[in-house]
Amino acid sequence: MKTMSDIYIFGHNDELYPIVEATVAEGFQLKHVTPEDLKKLTIQIVLVLKTEEESPLDQVQHVLSEQPDAAVVFVNNQPEFELLRDLTRLGVNDYFVLPEEEWLLTERIKGLAEAKLISKENTTAEGFRRGGGKVFTFYSGKGGTGKSLISSTFAQTLKLESTGKVLYIDLNMQYGGAETFLGIDSERSVIDLLPVINELNEHHLRNVSETLEPSGLDVLVSPRDAEIAEKIDESFIMRLIRASKRSYDFIIIDTPSNLDVKTFTALEESDRIYYLMNLDTISIRVLKGVETLLKQLGVDPEERLELIINFKGKDNELSKKDIERFVTYTIASEIRRDFKGVQAHMNKGEPLRREPQEKKLTPVAKDIQKWVRSMLK
């Protein structure tokens with residue numbers, strides 16, 4: 001069993017570690033922790049050392065995503081005001097500059113230990129905020145499942161039903177889709193972030209994204225150009241998602257059906273994968289193939305994949321019970337088929353949801369509203 005004497009170190013820095021060791025070693029046992037360890041251990045205090053290899057924000061974000069209840073202290077060898085501000089917003093408990101603040105670090109570690117480390121403000125009651133926003137990625141190995149319509153309506157509904165900041169990212173780089181389903185006319189796209197991707201922050205994201213009124217949903221539109229899309233690689237996707245997590249409470253991502261390295265990166269960075277499928281035999285076969293491939297690539301779908309059944313109707317080949325006999329994943333929502341209602345909105349260039357307390361919602365919008373409200377509870 002872990003004791004309060006265990007202080008975990010995340011990040012290797014040959015200059016800082018000896019100072020930390022001399023500063024806090026008395027009465028405490030220092031242990032280096034790896035990214036894999038973070039998934040297995042229950043950690044109460046972790047000191048994050050600044051490294052040359054990884055962004056401090058990415059380091060802390062990784063720690064908090066795996067250990068949301070841990071007290072996190074960042075240690076640097078120089079003062080950086082902007083970094084201090086960003087880390088504080090992300091959820092870091094303290095920031096110390098060594099060797100100048102050795103005695104302050106000593107006192108703070110003792111205080112955290114004596115106070116049992118975690119106060120009520122730092123428990124999971126903070127939900128979606130501490131450690132960055134939550135990433136929900138929509139995917140299907142089969143085309144024609146209504147993924148883009150459902151994901152965009154989900155994002156808009158989530159914004160209308162919560163007080164959180166919500167960003168919708170369209171990763172269908174070649175053909176897009178968000179602009180159609182959300183009624184957007186924009187000359188900007190996610191490709192405009194390419195020159196600043198290494199220092200991406202909230203200011204850049206808001207400059208490039210489109211904000212829907214009156215909901216306030218922010219949308220990063222696809223370039224809708226195959227040649228331009230080739231300029232975006234998996235590193236861009238990873239940096240985009242991680243920077244977005246620092247600025248938003250919820251990040252909703254729509255992905256293409258082909259499972260290339262960019263789509264895989266989005267799935268790997270996700271807290272939850274919503275897999276769209278229809279009630280037919282082909283959908284089950286494709287799901288089994290996707291399941292096998294994800295496991296081969298090192299993503300365990302059992303941990304984060306949930307099913308969304310779309311086009312539910314009386315004449316479906318299979319029923320929900322049939323699906324449950326073949327797969328073990330949770331069915332998060334069933335969405336009714338309503339071509340007429342959806343088409344009317346598409347013809348007008350209007351999203352299925354526009355503002356709170358709308359009186360007339362299509363069956364699709366009602367089903368998604370019910371799903372979102374259940375998720376938020």
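**View 1. Aromatic pairs across the structure.** Searching the whole predicted model turns up 12 aromatic pairs; rings of Phe, Tyr and Trp (its six-membered ring) pair if their centres lie within 6.5 Å. F136 and F154 have ring centres 6.3 Å apart and planes at 70 degrees, so this pair is edge-to-face (over 60 degrees; under 30 counts as stacked, the rest as tilted). F136 lies in strand β6 and F154 in helix α6 (residues 147–161), 18 residues apart, so the pair links distant parts of the chain. Helices (H or I, at least four residues) and strands (E, at least two) are DSSP runs, numbered from the N terminus. This is a predicted model, in which local features need pLDDT of at least 70 and side-chain atom pairs pLDDT 80 or more, while totals for chains, interfaces and linings use all residues. Residues are numbered from 1 along each chain as its sequence is written, and side-chain values use heavy atoms, leaving out hydrogens and water.

**View 2. The cluster around F136.** F136 and F154 are both buried (under 20% relative accessible area with a 1.4 Å probe, protein chains only; exposed is over 50%, partly exposed in between). Together with F138, F250, Y274 and W371, they form one aromatic cluster.

View 3. Have a look at the buried residues of α12: S283, I284, L287, V290, E291 and L294. They cover an arc of only 125 degrees around the axis, which puts them on the same side of α12; the arc is that of the directions from the helix axis to the C-beta atoms. Exposed R285 and Q296 sit on the face turned away from the buried side of α12.
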